[in-house]
Amino acid sequence: MKPVMARPFVLPDLGEGLTEAEIRQVLVREGDVVREDAPLLEVETDKATVEIPSPMGGRIEKIHVQPGQTVKVGQVLVSFGDGTSPGTPPADPLESSRRPSPVPATPSTRRLARELGVDLRAVDGSGPGGRVTDDDVRATAATPVTTSPAGEPTPTSLTAGKPLATAGIAPPLPRFEQWGPVERQPLSHLRRTIAERMTLSATLIPHVTHFDRADITELDALIRRNLDAGQTRGVTLTLTSFILKAVARTLGEHPHFNASLDPAAGELIVKRYVHLGVAVAAERGLIVPVIRDVDRMPLLELQRELGALATRVREGKATLEDLRGGTFTVTNIGALGGTGAIPIINYPEVAILGVARGREEPVVREGAIVPRLLLPLSLTFDHRVADGADGARFASAIIRRLEHPDELLLGL
Amino acid sequence: MGDLVREVDVAVVGGGPGGYSAAFRCAELGLEAVIVDTAQRLGGACLFDGCIPSKALLHVAAVLAEADRAKDFGVDFGAPRISLDPLRTWKSERVVGKLARGLAAVARGKSVEVVGGRAVFEDSRRLRVEGEEPQTIRFGHAIVATGSAPSPLPGVDLRSERVMDSTAALQVPEIPARLLVIGGGYIGLELGQVYAALGSEVTLVEMLDGLLPGADRDLVQHLARRCDRMFKAVRLSTRVTGLRDTGRVIEARLGEGETATFDRVLVAVGRRPQTAGLGLETTRARLTDRGFVATDERGRTADPHVWAVGDVTGEPMLAHRAMRQGKVAAEAIAGRPAAFDNVVVPAVVFTDPEVAWCGLTEREAETAGRVVKIARLQWAASGRAATLGRSDGLTKLVADAETGRVLGVGIVGPGAGELIAEGAVAVETALLAEDVALTIHAHPTLSETLMEAAETLLR
């Protein structure tokens, strides 16, 4: 019999720290012949539902995943045949769960790997005969995942009831049942991710927050004056786009806020592009889509892109490209009220700008009390990268731009 | 009047080793667990109809064989006289009963309640218990541990007292003069030897061309030789195509047309999972093509609230696999990162001589095209075996050709079931043959054969 040249197609790198996705739908069947770019599967990541297109034209030899299954980056999704080989019958799930060659490691090491969320297949064993040791597992756990083992499928189960990656840090919980009835609710995929990433950021980054207020009376008037003009061009002007513009310009002058710290290398990675994340409260939870090259984008275009992106996110149609590559995040909590909040930095970024609700307040100007529209801002940043004075200067520069919208529009 | 409704964290269906291990571990982890068992007792087929009573009877057989061998060194006990009533009482009371009382005490100590009745799923969160204590149990999670039951002989439908399954044979209703054993797997071999030792003339029939299909042939060889001496006949590649009860005896048709007469028949052609009437279809759990409950490596089915452990989840149907699965499922339910990632599930056949193996067999390595080194040590070279008068043994290691890692161990000989534990540790912990060879093993013991076999791989 002719050897079957099965070409595996693995879950591609999803970027932005996303390491897994849940299969929502399989859009092809074994034996189907598909074109390049034809949709193969629909997967839900922590942030969006996306279609995975076929990387090549060919015949689907085998589908290795099923709806509801969580797959990791690098795990085989489908195999392509050479178009002439007979199909393989679908494997019995019990048979397929039998591992032909287990990774050599003691049971206690394997348990440690599970506790630390390390895939043993990705670990090079340093012990006798290639045995994976506890130290190997700990070293892998401490290194950010850059590559995943391709080839072998890694069947992982549904997310409900799975401990968070950060669970090892927490002391055990008391038995709440002793004080009254409780219900255990599994976390949604998105909730888990938010929980894990917030814990990561809050425990890893020494946060410091700087508060200030911007007088946006003029900016608000400018927006109101031009609302109709904007509408005729199909966009609704909002404060957010001006804030994004002001932040983008200011990041150009303060590049160390547009960066990521590489503690292992002892280096600051300064990004020569300005892609801003905007926190959006979707029904399923907090999602941060990214607008690219905000510094180079005309304001109307930025406003249009912002509107379209928010709509895609709320409808669950954001693509992976929409969700990765951010360099700095703006979170506007104004719609829900409040006088200010201290957001947590969107790891591995360096800073995040929180914007609360603008209010008319009495302000003393040239000896007289006048009503002015004041916008509370909070800049939270990584104290390893910047000091309080840097943060104050950065925030002041943003405020200056918001208070002089003409300069902002002229690109000054 | 409304039914009794109760709420628990975990409801376990079935009180066998898988079920009670899961419930006990749940209790240790602070979860309230109840076990629903049709007989309202803990132990399951293992304790009442399987492992334990068969080993009790095999011990009797071993004592008889040992007494007989003693003639070789000048000790003659004379012909044994066997009284069935005391034998049954010893097995049921002193062995099974004692262990059952022990398990019940453990359950009480851990506050695990055992409810009598048949449990039927009503949906993914509720079980209806039918029986003397009808009630509804609302659970956070349910663990299906309903086990397996002996398979009937395909194509032969005869209900007769003279045709026994393993459960009936373990009651030892009599010592039949002529016994037909259908099936050359571990159950047929173990019970065939029990009855042969008690005085029955045993004919064993196996459909395939060898005994113990899963084991390597060189291990089976010593057992086959012993069976040839103990049994009247061992018929391989032979099918039983018909059984007829004449009222006094059973007429069996073997293969094409040959007929033979027996006083009793033992059908030991395997076991099948028990899922019928469970109401699993009201949950999202599903069965495999072969009728097992499909689970992931933690024991969870496609239904997030329904789990399954033990024989009902697949091969090998062994109590020790079920016990580990039960603990894994309990830990996973409690939110721990547990998984059934075990490399070895040791298999032991408690015959004379015992056959035991774990990990990769030589035959599996061949089938998988895996390059391995094999070490064989015949017990003729063992001092301890000589002192026991038993050179009918073999210890073998299957090691990775490149790294020397121990991938599998097979042992035949008296005590193989105990000796295999070292092999299980070696394979499970990924030891190298060198590690086994360089560990001092006490002299003179049978365990030395593992060290000596490993040494042959170092040259």
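## Helix 6 of chain B

In this predicted model, helix 6 of chain B is followed by B:Gly199, a residue with a positive phi, near 125°. The helix itself covers residues 186-198, which makes 13 residues.

Helix 6 of chain B is largely enclosed by the rest of the structure, because 13 of its 13 residues are buried. An α-helix has 3.6 residues a turn, so residues three or four places apart point the same way.

Strand 12 (residues 240-245) and strand 13 (residues 250-254) of chain B run antiparallel and are joined by 5 bridges. One of the paired positions is B:Val240, whose bridge partner in strand 13 is B:Leu254.

Strands 13 and 14 of chain B make a hairpin with 3 residues between them, and B:Gly255 in the turn has a positive phi of about 60°. In a regular strand the side chains alternate between the two faces of the sheet.

## A five-strand sheet in chain B

Chain B also contains an open sheet of 5 strands in the order 18-19-22-21-20, with antiparallel pairing. Its edges are strand 18 (347-349) and strand 20 (372-378), each of which pairs on one side only. From one strand to the next the twist averages 10°.

Within this sheet, strand 19 (residues 355-359) and strand 22 (residues 406-412) of chain B run antiparallel and are linked by 5 bridges. B:Cys358 stands opposite B:Val409, which lies in strand 22.

In chain A, A:Asp382 belongs to strand 19, which covers residues 368-382. A:Asp382 counts as buried because 25 other C-beta atoms lie within 10 Å, and the cut-off for buried is 20 or more.

Leaving aside residues up to four places away in sequence, A:Asp382 touches A:Ile205, A:Pro206, A:Leu261, A:Ile345, A:Val350 and A:Ala351. A:Thr209 is 173 residues from A:Asp382 along the chain, yet their C-alpha atoms are separated by 9.0 Å.

## Contact between chains A and B

The contact between the chains takes 25 residues from chain A and 25 residues from chain B. On the side of chain A that touches chain B, the elements giving two or more residues are helix 1 (93-96) and helix 2 (107-116) of chain A. Helix 2 of chain A gives the most, with 4 residues. By class, this side of chain A has 12 nonpolar, 6 polar and 7 charged residues.

## Confidence in chain A

Chain A has an average pLDDT of 81, and 86% of the residues score at least 70. In residues 83-100 of chain A the pLDDT is below 50, and this stretch has 23 contacts in the model beyond near neighbours in sequence. Residues 145-160 of chain A also have a pLDDT below 50, with 37 contacts beyond near neighbours in sequence. Where pLDDT is low, the predicted coordinates should not be read in detail.

Technical notes. Residues are numbered from 1 along each chain as its sequence is written. Chains are lettered from A and ligands numbered from 1 in the order in which they are written. This is a predicted model: local features need pLDDT of at least 70, side-chain atom pairs count only at pLDDT 80 or more; totals for chains, interfaces and linings use all residues. Two residues are in contact if their C-beta atoms, placed from the backbone, lie within 7 Å. Ala, Val, Leu, Ile, Met, Phe, Trp, Tyr, Cys and Pro count as nonpolar, Asp, Glu, Lys and Arg as charged, and the others, Gly among them, as polar. pLDDT is the predictor's confidence in each residue, from 0 to 100. A residue is buried if 20 or more other C-beta atoms lie within 10 Å of its own, exposed if 12 or fewer, and partly exposed in between; C-beta atoms are placed from the backbone. Two strands pair if DSSP finds at least two bridges between them. Axes are lines fitted to C-alpha atoms, for helices over the stretch in contact, and angles run from 0 to 180 degrees between N-to-C directions. The expected span of a helix is 1.5 Å times one less than its number of residues.
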